[in-house]
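Subject: Handover of a structure

Dear colleague,

Please find below the structure that I am passing on to you. A short account of the findings follows it.

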Amino acid sequence: MHTQPAAVRLADLTKHYGKAVAVDRLSLNIEPGELVALLGPSGCGKTTSLRMIAVLVQPSGGEIFVNGASITRVPVHKRNIGMLFQSYALFPHLTVAENVIFGLEMRGIKRRAAGLRVQEALDLVQLGGHQHKLPSQLSGGQQQRVALARALVIEPAMLLLDEPLGALDKSLRESMQVELRLLQRRLGITTVMVTHDQDEALTLADRIVVMRDGRLEQVGSPAEVYQYPATRFVAGFLGVSNFFQGTVDGRTGEAVLVRCSNDLQLTVPAASVPSGSATIALRPEAVRVGPVGRVPPGPNMVVATLEQAVYRGFMVHYYLRLPGGEPLIAFQQNSGNGVVVGMDPGQPVLAEWDEGSNRLVRDE
Amino acid sequence: MNGRSIATSAMLYTVTAATLVFIAAPLLVTMSLSVSDTQFVSFPPRGFTLAWYGKVLRDPDFQSALSFSLWLASFATFGALVLGLPAAFALVRFPVPGGAAIRSLLLSPLIFPVLVTGLGLLQLFSMLGWGSVPVNLLIAHILVTSPYVVRTVSASLMLADITLEEAARTLGASRWRTFRRVTLPQIAPGVAAGGLFAFMVSFDNYPVSMWLADAQNDPMPMFIYRKATGVFDPSVATVSTLLIGLAIVVVLILDRLVGLRRAMGM
């Protein structure tokens with residue numbers, strides 16, 4: 001399989017349904033060979049965006065460029081796109097080989113040459129011996145592999161994945177994620193996937209595009225988006241976050257001081273000083289929980305009440321309550337030496353974290 | 001099993017049995033009369049003879065009525081499929097403006113009294129000066145049979161998976177090839193069921209044909225009616241039995257070919 005990695009550019013892609021705006025001026029540059037995941041809750045416009053790239057939905061506005069040339073008005077069957085659907089969408093009346101050869105037949109490729117390519121594609125997804133079976137005789141994972149072979153055999157300019165592993169159970173989904181990633185890397189095929197599963201986006205994507213209400217909320221590598229969420233929505237949607245509301249109260253050294261209710265003070269490393277109120281996001285894994293040895297004198301620490309400690313194998317989840325009544329969640333890794341730090345519910349504990357873990361986020 | 005459910009089952013079996021009797025009994029009576037060795041229809045039949053079959057099959061009037069009805073039903077079915085299939089496809093797959101109204105209009109021959117439809121068509125054709133009886137009959141039969149195609153095909157299309165069509169489109173299939181290679185195989189049972197309904201409805205249509213037929217173009221139901229009101233010998237029963245046999249054969253063949261049971265929701 002020899003795909004030429006294509007550069008894809010979306011420019012102000014927009015879709016209205018009557019008065020409702022499904023996608024609002026989505027602009028994005030996708031590098032050749034890159035895997036981009038559109039992530040967001042249902043109704044955020046991610047699926048509509050993908051279907052516009054595939055032209056299964058006609059855009060209301062904006063343009064799609066592949067290698068610099070606009071394909072916005074090229075009909076779907078001339079776009080050279082490979083697409084995977086959540087429901088696999090294999091043709092039930094055709095065998096595995098007939099499914100895979102379908103796209104080659106549509107391109108008028110001679111039977112003998114097409115047959116070789118089908119064989120090659122099925123070997124690629126490790127289904128070499130299943131040519132003559134019907135889709136209904138295969139498991140869900142095998143069916144999606146056939147769909148992948150069918151999409152790849154036409155050597156598409158880009159691959160579009162619509163919740164491709166959503167119908168598989170958890171362990172199979174995880175192994176398919178790794179496999180899909182390896183294959184995509186090896187073929188170097190530009191790929192756009194849609195998912196509502198953040199683990200899937202983190203595992204598979206070079207870059208994650210978080211969408212909300214038809215708009216692009218944040219774009220970045222998985223680590224960037226996870227560690228430096230730009231907005232309260234991203235911090236809450238991708239992983240778990242604690243949030244603090246406070247007022248900016250000058251600077252202390254290199255950091256901005258934010259005062260919250262009940263004497264809780266936070267310091268955030270920031271170059272410019274925002275004025276007025278501020279929202280700060282804090283990942284639970286950054287919070288250390290321990291016995292109260294002394295009264296907290298400084299910022300980024302608080303005495304809270306332990307409500308519940310949930311043992312989760314390699315992690316313990318601590319559910320704390322701040323003096324003001326707000327919840328605080330802390331994840332702590334178990335050391336592996338067999339000792340679980342035991343703390344009784346109802347007891348006061350000291351929660352503290354580093355200044356560098358506080359993130360100023362936009363709250364809108 | 002408590003008393004109530006025994007009563008319920010008893011009722012169910014009684015109603016089913018009664019239904020079967022009322023459907024099957026007339027057919028059985030007709031079949032038994034067709035081999036009766038008597039000059040006139042009388043019940044119970046006496047003796048056994050296949051002479052009536054020989055007489056009927058050699059009757060040139062029967063032959064011409066049968067061939068005319070087969071011709072008419074075949075072309076009416078073809079017409080109903082050619083018109084009904086795209087209509088159903090457009091109504092189900094595309095947001096046609098006024099789609100609901102168009103659907104009601106297309107299905108209206110099912111609800112409208114067929115006798116009135118026939119009379120209306122007769123007046124229309126004579127107003128237009130269209131004198132060709134076979135063509136007029138064909139138009140009328142297509143009109144009354146196409147709703148069956150629209151209905152069964154619509155139902156199959158609604159059940160068919162649209163993502164299969166989308167997958168075919170992304171793989172490079174044009175709309176027409178997508179329809180032929182992906183959609184049609186999925187809705188084949190519905191198409192066959194619609195075609196079967198259309199054929200049968202045309203084949204034994206009386207209320208429309210009676211207005212439009214003439215002596216040279218004599219469909220089977222009119223032939224049977226004239227025979228029954230004229231000399232009432234067992235040959236009428238023989239003709240009927242032959243038609244029952246024909247219907248059973250057609251249904252069995254279609255079931256073998258496309259799984260009619262599935263299409264009719266059985």
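Two residues are said to be in contact when heavy atoms of theirs lie within 4.5 Å. On that basis, the contact of the two chains draws on 16 residues from chain B and 21 residues from chain A.

This is a predicted model, in which local features need pLDDT of at least 70 and side-chain atom pairs count only at pLDDT 80 or more, while totals for chains, interfaces and linings use all residues. Residues are numbered from 1 along each chain as its sequence is written, chains are lettered from A and ligands numbered from 1 in the order in which they are written, and side-chain values use heavy atoms, with hydrogens and water left out.

The interface

Chain B and chain A bury about 1800 Å² between them, with 64% of it on carbon and sulfur atoms; buried area is the accessible area (1.4 Å probe) that two parts lose on being put together, summed over both. In chain B, the residues that lose the most area to chain A are Thr170(B), Leu171(B) and Arg181(B), which together account for 40% of what that side buries.

The rule finds 2 salt bridges across this interface, a salt bridge being a side-chain nitrogen of Lys or Arg within 4 Å of a carboxyl oxygen of Asp or Glu. Arg51(A) forms a salt bridge with Glu166(B), and their closest N and O atoms are 2.5 Å apart.

H7(B) gives the most, with 7 residues. Helices (H or I, at least four residues) and strands (E, at least two) are DSSP runs, numbered from the N terminus.

Chain B

Chain B has 12 helices and 0 strands. Its C-alpha atoms fill a box of roughly 70 × 70 × 30 Å, taken along the principal axes. Of the 266 residues in chain B, 39% are buried, that is, under 20% relative accessible area (1.4 Å probe, protein chains only).

Strands of chain A

In chain A, strand S1 (residues 8-17) runs antiparallel to strand S4 (residues 61-66), to which 5 bridges join it. Two strands pair if DSSP finds at least two bridges between them. Thr14(A) has Gly61(A) as its bridge partner in S4(A). S1(A) is also joined by 7 bridges to strand S2 (residues 20-30), again antiparallel, and Lys15(A) stands opposite Val23(A) in S2(A). The hairpin of S1(A) and S2(A) has 2 residues between the strands, and Gly18(A) takes a positive phi near 60 degrees there.

Yours sincerely

Technical notes
Buried < 20%, exposed > 50% of the residue type's maximum accessible area, 1.4 Å probe, protein only.
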